[in-house]
Amino acid sequence: MTHAEMRRMFGGDRRLAMFGFTVETITLLLLPMVTTKKEALGSMGNDAPLACLSQYMPLIYSYFKQLFAQVTNPPIDPFREKIVMSLACPIGPEANILESSELQCNRLYLEQPILSVNDLQVIVDCKYKNWRTCVIDVTYPVEKGARGMLSTIDRVAGAACQAAKDGYQLIVLSDRKAGPERVPVSPLLVLGATHHHLIEERQRMKVGLIVETGEAREVHQMCVLLGFGADAICPYMVFEIMAALREEKVLDETFTDKVIFTNYVAAMSRGIAKVMAKMGISTLQSYKGAQIFEAVGLNHEVIDKCFKGTASRLDGVTFKMLADEALCRHRLSYNLRECDTYVLPNPGYYHWRKGGEKHINDPDNIASLQAAARTNSKNAYERFVASSMTTIRECTLRGQLTMVESQTPVDISEVEPASEIVKRFCTGAMSFGSISYETHTTLAIAMNRVGGKSNTGEGGENSERFVIEDPKNIKRSAIKQVASGRFGVTATYLANADEIQIKMAQGAKPGEGGELPGHKVSEDIAKTRHSVPGVGLISPPPHHDIYSIEDLAELIYDLKSANPAARISVKLVSEVGVGVVASGVAKGKAEHITISGHDGGTGASSWTGIKFAGLPWELGLSETHQTLTLNNLRSRVVLQVDGQIRTGFDVLVGAILGADEFGFSTAPLIALGCIMMRKCHLNTCPVGIATQDPELRKKFEGQPEHVINYLFLLAEEVRGYMAKLGVRKFNDLIGQTQYLKLRDDLPPKTKLLNFARILLHAQDLRPNTNILGGSVAQDFELSTRMEEGIIAQCMDVIDGKTDRVHIQADIMNNCRTFGATLSYHIAKKHLDAGLPDNSIQLDLKGSAGQSFAAFLSKGVHITLEGDANDYVGKGLSGGELTIYPPKGMPEEFHSEDNIIVGNVCLYGATSGRAMIRGQAAERFCVRNSGATAVIEGVGDHCCEYMTGGRVLILGPTGRNFAAGMSGGIAYVYSEVAEDFQKKCNMEMVDLLPMEKEEDIMFVEALLREFSEKTGSLVALRILDNWPESVKKFTKVFPYEYRRALRQLAEAEFKKKQLEKKKEAKEESDEEPDVLDIEDSITDPEKEKKVLVKLDKMRGFLQYDREKIMYRSAAERMKDWNEIYNHKLVKKGLRRQAARCMECGTPMCQSTTGCPLGNIIPKWNDLVYKGLWEEALDHLLQTNNFPEFTGRVCPAPCEGACVLGIINPPVTIKNIECAIIDHGFEMGWVHPEPPLRRTGKKVAIVGGGPAGMAAAAQLNKAGHTAVVLERNDRIGGLLQYGIPTMKLDKGVVARRVKLLEDEGVMFVTNCNVGVDVKPKELLSEYDAVILCTGASWPRDLPIPGRKLEGIHFAMEFLETWQKKQMGNDIDETRLSAKDRDVIVIGGGDTGNDCIGTSLRHGARSVTAFEILPRPPDSRASDNPWPEWPKVFRVDYGHEEVKHKFGADPRHYSIMSKEFLSDDSGRVSGVRTVRVEWVKDDEGRWQLKEQPDTEQVFKADLVILAMGFLGPEADLIKQMELEQDPRSNVKTPPGKYNTSLPGVFAAGDCRRGQSLIVWAISEGRQVARQVDEFLSDGLTMLPSEGGIIRIPAMGEKKAWDPLEDYEIPV
Ligand SMILES: Cc1cc2nc3c(=O)[nH]c(=O)nc-3n(C[C@H](O)[C@H](O)[C@H](O)COP(=O)(O)OP(=O)(O)OC[C@H]3O[C@@H](n4cnc5c(N)ncnc54)[C@H](O)[C@@H]3O)c2cc1C
Ligand code: SF4
Ligand code: SF4
């Protein structure tokens, strides 16, 4: 949806802003829900501030974080196992459940909890069986101020209680009455308070609570409402917005009210189910009122009243603060002054936007980190730390802390070296698949070099990487992760680990699984993950082999057995209670625990999970360290922390709160070149990091050194802190919370937080406890196993000393994980190849314990006569397994009717064979990716998530067969085919009759083998009836797998076709489709074609940057018209716009990018879509005069564009110019005078771009803006500095006229300080703004300076401009006609003088620049995204070259003297060549080169060496303070001068600069002046066009903050 649409629709509906809707809410969240029936996906985690730290008034829902199941119980996969999920719920009065009566049925049954507006109306009106519904208003009159909130909460709770007592069955809490006169109390607060009040009064079961709200709309918000007691919710605003969007044609007519409702409910139901499932809750009935949340930063008074029993460990925001924020939102929504508030706010909660909500990964941090990593420069790293600390303070809990410096610091040389500290560092679990092979291996090499550890992630690792060929470039990851997906977890994979990490949860989306879409599963990835290219891979939440702490302990044991040398780690995510969980995990013998914060990165995931699940690591880590210490378990485990760790400060806080080790994910990726595009899920990462596209992978430029540099710089930062703390050894930091305290300078909102629990010293809880992580070893008692003896007997075979061994033994069920350590020895030596078949034959008898034959390697064949427990053949890795019941069982024993193996057998098997005579319990062959198994019957969920292998089932199956099965084939024998079909989950598979010859032969052979090996009578019976029995088999064939196989066959064919096409294309030399915008706009058909043809997703790869901008030099130098080739530039602009990748963190808007914060990606996208009016709307949000910047801005945005890293950047400036010019042509730009006048008058001295912008903004705010300009025309340097050929003066006049029509008053020929005295201004106006520019030119006081014919550039340019404008002026003295012109100064002004001289008809033109010639491409000390200091040829240079054959510029040249002719006129310049060398301190020094003197002929010299600052007269008269560069002094980031009521902006404040900066300063000064005139409340936007709300708690006259007592 575009702004124009929003503006049209919601211009009059201020409820949206009042209820906290933003552009993102509608476009990013709601529209996808209604159009796709699913929630939208995001990536790279959440790096925005916690609600309790945000200054952007987040709604109260955001203070709640969803809890999730880890270890104590399993989360559910709500999609693949939806048979257990239900949102249906009866609501209304409950009767005594112990008495059966008809009253039990007297309830309202809802299929799901979302009500349409009609549904609610029906309920309210319903009188059936005397049902009555009481509607209670939750709003209050605005005059009540902040007090209104609490009294309303009490009123509603009381009224609800009375209604319950009065016999109402349903209560509706409604905010419908909210509007200009009435403020809504958040329904969550009212609901929570009412729910608890009803419970206390024993009335809750008598009534159902329904919420009718304009505020709640997102999945998380609904979940919080349900979790705190709502029975049903009617989010009426959502339906109104969507209906309005249909009117606007954003949604087409098929989206009837019914479709909108149904789709929204479908998406919402999915979302709610997912949130419930992550806690392992399967019915809404159990979830409702269960309060499965932790609050972060809500004060106990709020919790006690509304959310009783909810954990809120930090205290924090009070009712008063919440009421203030709500009132402030109301005030902003219904303010009488419109300014820019007609558009819906877009503060960038999800994607970074200049001037908006803070994000840890902002462009400055990204750029400075890359610079530091690449150059290994301490200075660059310090810049990175400085910018990171700003965002860390804005966004994180640790940012509120500071170090307690020691009275006895130590010298840094005494502190443990960085080389030791880096060994504590690990890179995060980022799978090959989510990142490219190049990135994955570079990280591994880097970490191996520093002695740290890289983590495979759950995607596995190719065994080639285990072989060390080059010791300097070891690609093997030290940490091998094992997640529920179990991709490629083989005996070899485990044997080659230093640490094996069990992923219980992932910080970015705890309790959820993931999915790798088929298009990302390349050949390599498929190989690593033991799957088929093109087949999507599902990674479920851990709910198959981990139901409890015992199951986790078993997995720990399994993995230890599979690699006794590796450390076993468990990854947990921070939430309340994680400390107890970690204690359990430590008792389960984990040796290492990772605590992840909520903010870690991820590939694609729903925004609800990314934003609202999990807690900050500061809370989880401190709790874990404290609980482990309290239980004397801390010494048994090493603790690691991860989650947006990037600076030494993060590491310091982590250590002090209890961490031994540190995980880094996003930061090393950024060091390697990641630019936080947040497009990971699209496979279009332009720097080759999060992509599998072979073309893009070639763009990867990261080097191990970049990561190493970064980690060492960081370790040095840590050492610096340690020295200041007086700590020499890192171990002495760990857990020592006395080294941290709260910052003194916290903003009022943050001051409310209480860090006492985080900063509790664990050893105070249990003094003298050993807290040295890992100092006490966990005892797995491996040496006492019976397997040890068997291994000893097999070693000769493993070592190749003998071929075979045959062992017979008995086994008992206390023998767990039999075969895994044997396989470890084989895998260590022989990798995946294993041993030749049947090298080791083990015949066992008895009952095997858990995990029998887990990870069994190739070459081992085990026969078990008896039975086995759970997890048989887990991770089978090529071994063979035969299990049958004891021989000699009585005749009435039928193996096919009895369970012989337990749950979760062959889970994650990758290869090998298993023949099992009898039935398996639940979850057989889950996530099998390559093993062949035969069995006589299975329980529920068989073949779930299977990606490969073959499974033959000869008997009954349980429910949910084949859920999420994307590969492999199952053959199921069933007497009645329909029986099986009913049990099968059909979402991903086809059920086919077994007809193909190859299938029939395969199954027959397998049956024969099975019967032979196990003696199965079932198999015999089937074979006896062959081929008749073939008909009773069903082939379960996943359609993705089928498609992938078909695609392989088609690939060849396609390849040939492509070759043919390519040939044909080469033959036709046709121009690609390029359209004029005019053409494209007037011809919708053509437009559609173009849109279809242009590929935006890969446009940056497909299309070149347009090179031609100007008319030809030969043509343009003959006239004074604009140099631009507007027509050609406009051609193909959409193609140029399609090159923009719409970056998640658009660097073009960063500090080094557009100073205005122009919303470039958005308008680029709109131009690409052909939506010009909407693009204009976006453009005007941030830039008052795009027609100026679009022509003359040097476009720092393009210098910062990420595309510039790999290709020429996006053409931004031309698009900007085209949008506004087109807007004028179409009549879309017209005067919009303010609706109301404030009666306040502001004088603006100077009519340049800064003054004009300030006037435009102040006028919008309703003030009378009077611009006083000493020149005869408005425009400043736009008018008389920048020549006509760069900026047509008609363009300036058009804008001046428009401003006049809007009400700005211009007074020309008024020299303030001369014609008007400052005192008069101050008395006549409410405020004065100086925008007088920087017109004090730099002189060149060398001999001969006084000669005639030497002029400042501005004299030269201004005179000529005036002449051109028709002023009566004699320009001959300054004319270049027939003169030899020398321009001194090589900047843009010099270039304008060159172009002007040439057009005058100069005889020759020469230009001097004292600096050396810039390089052709970026120098290493000028990294992206800084402004590229490279050699450029501008229009003037090109023209001179065209006319005189050579570029006019001479570099490294210094003028020594102006030479005179006989008449006192300059005749030449004596020069010398210079050299620039660095002195001992690294400063550049200028050295004259001997014998290089040269005289240049000149009869006109123009001095274009820049400006020193503003003219001093007026400043002196006003007695304003000046800064050392003589500019008007203002505080940093502010515009007020030393004189109250006087402000300054533009070049007079910042020194000689750019038009874009002048406009930016003009806008910002206007905002500050408006604030000054309006008691602190301004509606004018700050940076990036965002209307910023004053920080809460800063008491201002308008501020609703008032002191009142909270009733206890
Ligand atoms: C030749 C030249 C070419 C340039 N080219 C570019 C370019 O291509 N792109 C770019 O981005 N930037 C360019 N710049 C820089 C850009 O023009 C300035 O940064 C910008 O104009 C500054 O705006 P301003 O409003 O602060 O000051 P100015 O534009 O200088 O306006 C100040 C105004 O104040 C008036 N004034 C001063 N004192 C008084 C007084 N006492 N009473 C009343 N009025 C007063 C002046 O007459 C003037 O009109 C160029 C500058 C020059 C000199
Ligand atoms: S104003 Fe300048 S920096 Fe900003 S978008 Fe336009 S060209 Fe780029
Ligand atoms: S212009 Fe460049 S930096 Fe900006 S969003 Fe587009 S591609 Fe990204």
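**Reading the fold of a predicted protein chain**

The protein chain exposes about 59200 Å², of which carbon and sulfur atoms supply 51%.

Student: What kind of model is this, and how many helices and strands does the protein chain have?

Tutor: This is a predicted model. The protein chain holds 56 helices and 51 strands.

Student: How does the radius of gyration of the protein chain relate to that of a compact globule?

Tutor: A compact globule of 1608 residues would have a radius of gyration near 36 Å; the protein chain has 37 Å, and therefore agrees with that expectation. Along the principal axes, the C-alpha atoms fill a box of roughly 130 × 90 × 75 Å.

Student: What share of the residues counts as buried?

Tutor: Of the 1608 residues, 63% count as buried, the cut-off being under 20% relative accessible area. As for contacts between residues at least 6 apart in sequence, 70% join residues at least 24 apart.

Student: How far apart are the mean positions of the positive and negative charges?

Tutor: The protein chain has 191 positive and 212 negative charges, and their mean positions lie 1 Å apart.

Student: How do strands of a sheet pair?

Tutor: Strands of a sheet pair through backbone hydrogen bonds, in either a parallel or an antiparallel manner. In this structure, five strands form an open sheet with parallel pairing, in the order 41-49-42-43-44. Strand 41 (1350–1352) and strand 44 (1449–1450) are the edge strands, each pairing on one side only.

Student: Which residue in strand 49 is the bridge partner of Phe-1352?

Tutor: That partner is Leu-1503. Strand 49 (residues 1500–1503) runs parallel to strand 41, and three bridges join the two.

Note on methods
Residues numbered from 1 in each chain as written. Chains lettered and ligands numbered in written order. Predicted model: local features only at pLDDT ≥ 70, side-chain atom pairs only at ≥ 80, totals over all residues. Heavy atoms only, no water. Helix = DSSP H or I, 4+ residues; strand = E, 2+ residues; numbered from the N terminus. Rg over C-alpha atoms; globule rule 2.2 N^0.38 Å. Buried < 20%, exposed > 50% of the residue type's maximum accessible area, 1.4 Å probe, protein only. Contact = heavy atoms within 4.5 Å. Areas by Shrake-Rupley, 256 points an atom, 1.4 Å probe, with all protein chains shown as cover. Lys, Arg positive; Asp, Glu negative; His and termini not counted. Charge placed at Lys NZ, Arg CZ, Asp CG, Glu CD. Pairing = 2+ DSSP bridges.
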